[in-house]
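Here is a friendly briefing to read alongside the model. Keep the viewer open and follow along.

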Protein chains: 2
Amino acid sequence: MKKSIVLAALFIGGLTTFAQTKDEQTLKEIYKSSLTNAKCYPWLEHLSNTIGSRLSGSAGADKAVLYAKAQLETLGLDKVYLQEVMVPKWVRGEKEIGYLQTGNQKVIFPICALGGSVATPKTGLKATVIEVKSLEELAALGEANVKGKIVFFNRPMNPEFVETFKAYSSCVDQRSSGAKEAGKLGALAVIVRSMNLRLDDFPHTGATNYGDSVEEQRIPAAAISTNGAELLSKSLQANPNASFYLKQSCQTFDDVLSYNVVGEMTGTEYPEQIMVVGGHLDSWDLGDGSHDDGAGCVQSMEVLNIFKNIGYKPKNTLRVVLFMNEENGVRGGKEYEDQSNKNKENHIFALESDSGGFSPRGFSIDADEANFNKISSWVTLFEPYLIHKFVKGHSGVDIGPLKSKQIVKVGLQPDSQRYFDYHHAANDTFDAVNKRELELGAAAMASLLYLIDQNGIQK
Amino acid sequence: MKKSIVLAALFIGGLTTFAQTKDEQTLKEIYKSSLTNAKCYPWLEHLSNTIGSRLSGSAGADKAVLYAKAQLETLGLDKVYLQEVMVPKWVRGEKEIGYLQTGNQKVIFPICALGGSVATPKTGLKATVIEVKSLEELAALGEANVKGKIVFFNRPMNPEFVETFKAYSSCVDQRSSGAKEAGKLGALAVIVRSMNLRLDDFPHTGATNYGDSVEEQRIPAAAISTNGAELLSKSLQANPNASFYLKQSCQTFDDVLSYNVVGEMTGTEYPEQIMVVGGHLDSWDLGDGSHDDGAGCVQSMEVLNIFKNIGYKPKNTLRVVLFMNEENGVRGGKEYEDQSNKNKENHIFALESDSGGFSPRGFSIDADEANFNKISSWVTLFEPYLIHKFVKGHSGVDIGPLKSKQIVKVGLQPDSQRYFDYHHAANDTFDAVNKRELELGAAAMASLLYLIDQNGIQK
């Protein structure tokens, strides 16, 4: 080998080592900051325990907007502002009542209205129940077998999936479309087994969607706890003619004004290139939305706090966006994209955390091959932090609408085993979040944003 | 290339693919069995909620021995038996009392005796407190500053470590040796900050060791909760002369007879080659030892249940060993090794689960380079199950004494973030264990044992 080539190789090797060392050093500082000096856990404590649930259009959502804005203002960012967005306002009303009557015996079940559901008549409704395991089974039964009945969707999440989100997505059609399809066949109401892998007594809410159904076909929809579903199924086998009483008084009002909360560190070299990090500030109304998605919001805010603490000024503009209304409309995500188009903004990267505040395992990457390979090549940098999963896939619901030509979108993937124990239920509360797991997620997010900022994306 | 070489290459390629496919298929069956048909969670429920804590020499430990043996007998193994082992018997006695007195004001602190500690005088003891951060600081203070005082060890676990066991091992000398060292300098007692990364009100017990100290130098040792430690430190800054009252009535009795519980599937091809899988059946006395180490026991039992369910008969002998007395003596581990030597047994492999029933992340491997590389090469087989961590390191305390010439030893490594929230404390209870996380750990263990059984170890 010629001497000059050897020297060049040594020089390039030296540069690589230097870059690697600098990146390694920065990731170390990021993790140290997050594990010793973070604000995300006390922020979440306030969001969860002082403010509580934050359903779009609720007083809690309003308070959360003001609180998040005020906290971002303490970080010395270049801009903090609210972005107006009209959101649906659905209110649960009185505690729902559901019981099965066999002769004189009433057995009460833990149920809750699904988000967006209509109410029952004021005195409730009562009908016999037909159990099905799928929308297909419902369709096969047809109107003759369904009309005038309550349809009980009871397909459990499949425990064989190692990743629980896969079990969720292969099961959630019952909740999202069950009422719509049963309504078309003349059913009086639907009861849906909660999307929960655990057997317990919490009914899990979540959006149901009537699509373009006419008003008469829009029937009340309720979730039943997994223990409740097991018991109801057994009870119906013993007494197929038992009737179920359901009462719920939920209501949909006119849309109301709410906000995305935005904070920004303006890029020092490429201010026109925007990197977004975010989660959604709204939650369902039963718990306080600590995992879904208080965790993602405070982790996103923490990224900017970390950069401030370690003195890192991004070259590209880094924008934290706390989206409103992910749960029942994605209005915040759509509005953000609309405004971005109007302002001819150039988004190069978006990172969402909306899978719970559990130990981070990696990233789900929505990008072309070149960018996927580029991000995956950083796996060794993440190795000391036990981040190992770099997979192609869905990024996040709120950043979904962002469609700049070159944008790379990523979702943080925490350990998913416990997520559906809490998802959309009354036990999604602050005590279910571990401080270190939350902080490690924020550090993983900051690390990825730092690497994107340093290295850019492939165009 | 010659045709024959191409054919040979194709043939070898075909064999590799076939082997890979067979292994892939078996791992799939193992995981399916564990996630849909496991007994480990109900086993743990019984151990934790019906039997409860299982400190060596206690009634709970006796019941656990009988229960585990009876459950193993339901699995249709080739042998199930008890192995006698003499264990220490230490009893906590009455609930400990600790308070700081400043003038007429008494502030009560959450404390508990450390395992193996001596009692205070029956009426308790009272002394001023000197706070130190390390054994080195204590030594530097010397007898003049320590004599007649209570020494308060208050070095927190370092949150910067991503892996919490590293934070533990760099901190636990205060608990294990603090009393011994302070006793030599004439201290009256020690109070040790709990080994817990979280701020809460649970004191965490654990073994303290007087070594060869003479009786007069064996002083009472108590743990204080992390919140308690923070408050005590602040209180002492405000009132350095305040005195602390400590009363505990713990006692050490003569050794008693207990047992390791052993179950065996005799190898179909190499019955003389033994693979061990195990955890420890004893626990501390404050909680019910669900994570430490009920989880490891039921996961080890589950491995045999999985093999039975999928119809896998190991070529080598597979032995589950539930060791007695890991917490305060390791007598079970030592006895097992002694008996193994006496019987001239040949152990080729041992796997221990004793780091909690959390989401499994990988394996800590105590082996030579060849075997480490061999095991690490299976990483792609484990990828679908999110097992990514193959590191050299400590395997387990109970299998530590096993020293066959060729043995490969491995410890399951679950996610460690929450472990020290519960470790040795009253909140190490069944509700802190997630069913799926427990089952995934058992499946990872069964998968590794299957691969070792199929491929052997490098000799």
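In which helix is B:Thr26 found? B:Thr26 is in helix 1 (residues 3–37) of chain B, where helices (H or I, at least four residues) and strands (E, at least two) are DSSP runs numbered from the N terminus. This is a predicted model, in which local features need pLDDT of at least 70, side-chain atom pairs count only at pLDDT 80 or more, and totals for chains, interfaces and linings use all residues. Residues are numbered from 1 along each chain as its sequence is written, chains are lettered from A and ligands numbered from 1 in the order in which they are written, and side-chain values use heavy atoms, with hydrogens and water left out.

**How the two chains are related**

- Two copies of a chain are related by a rotation about an axis and a shift along it.

**The interface between chain A and chain B**

- How many residues of each chain are in contact with the other chain? The contacts involve 27 residues of chain A and 27 residues of chain B.
- The size of an interface is often given as the accessible area lost when the parts come together.
- For chain A and chain B, about 2400 Å² is buried between them, with 56% of it on carbon and sulfur atoms; buried area is the accessible area (1.4 Å probe) that two parts lose on being put together, summed over both.
- On the chain A side, A:Val162, A:Leu386 and A:Arg436 lose the most area to chain B, together 27% of what that side buries.
- Four salt bridges are counted between chain A and chain B, each being a side-chain nitrogen of Lys or Arg within 4 Å of a carboxyl oxygen of Asp or Glu.
- A:Lys32 forms a salt bridge with B:Glu160, and their closest N and O atoms are 3.8 Å apart.

**A sheet in chain B and the helices across it**

- Chain B has an open sheet of eight strands in the order 3-2-9-5-6-7-8-4, with mixed pairing; two strands pair if DSSP finds at least two bridges between them.
- Strand 3 (105–108) and strand 4 (111–113) of chain B are the edge strands, each pairing on one side only.
- From one strand to the next, the twist averages 35 degrees; axes are lines fitted to C-alpha atoms, for helices over the stretch in contact, and angles run from 0 to 180 degrees between N-to-C directions.
- Strand 7 (residues 189–193) and strand 8 (residues 221–224) of chain B pair in the parallel sense over four bridges, and B:Arg193 stands opposite B:Ile224 in strand 8.
- Helix 4 (residues 135–146) of chain B lies across strand 5 (125–132) and strand 6 (150–153), at about 135 degrees to strand 5.
- Helix 6 (residues 173–184) of chain B lies across strand 6, strand 7 and strand 8, at about 160 degrees to strand 7.

- B:Thr26 is buried, with a relative accessible area of 10%; buried means under 20%, exposed over 50% and partly exposed in between (1.4 Å probe, protein chains only).
- Not counting residues up to four places away in sequence, B:Thr26 touches B:Ile310 and B:Tyr450.
- A:Ser376 is in helix 10 (residues 369–376) of chain A and counts as buried at 17% relative accessibility.
- The C-alpha atoms of A:Ser376 and A:Phe390 are separated by 5.7 Å, with the two residues 14 apart along the chain.

**Backbone points to check**

- Most residues other than glycine have a negative phi, and most peptide bonds are trans.
- The peptide bond from A:Asp292 to A:Asp293 is cis, with omega near 0 degrees, and A:Asp293 is in helix 8 (residues 290–310) of chain A.
- In chain B, a cis peptide bond joins B:Asp292 and B:Asp293, with omega about 0 degrees.
- A:Lys344 is not a glycine but has a positive phi of about 50 degrees; A:Lys344 is in the loop between helix 9 (331–342) and strand 13 (346–352) of chain A and counts as exposed at 74% relative accessibility.
- B:His424, also not a glycine, has a positive phi of about 65 degrees, and counts as buried at 6% relative accessibility.

Notes. Contact means heavy atoms within 4.5 Å.
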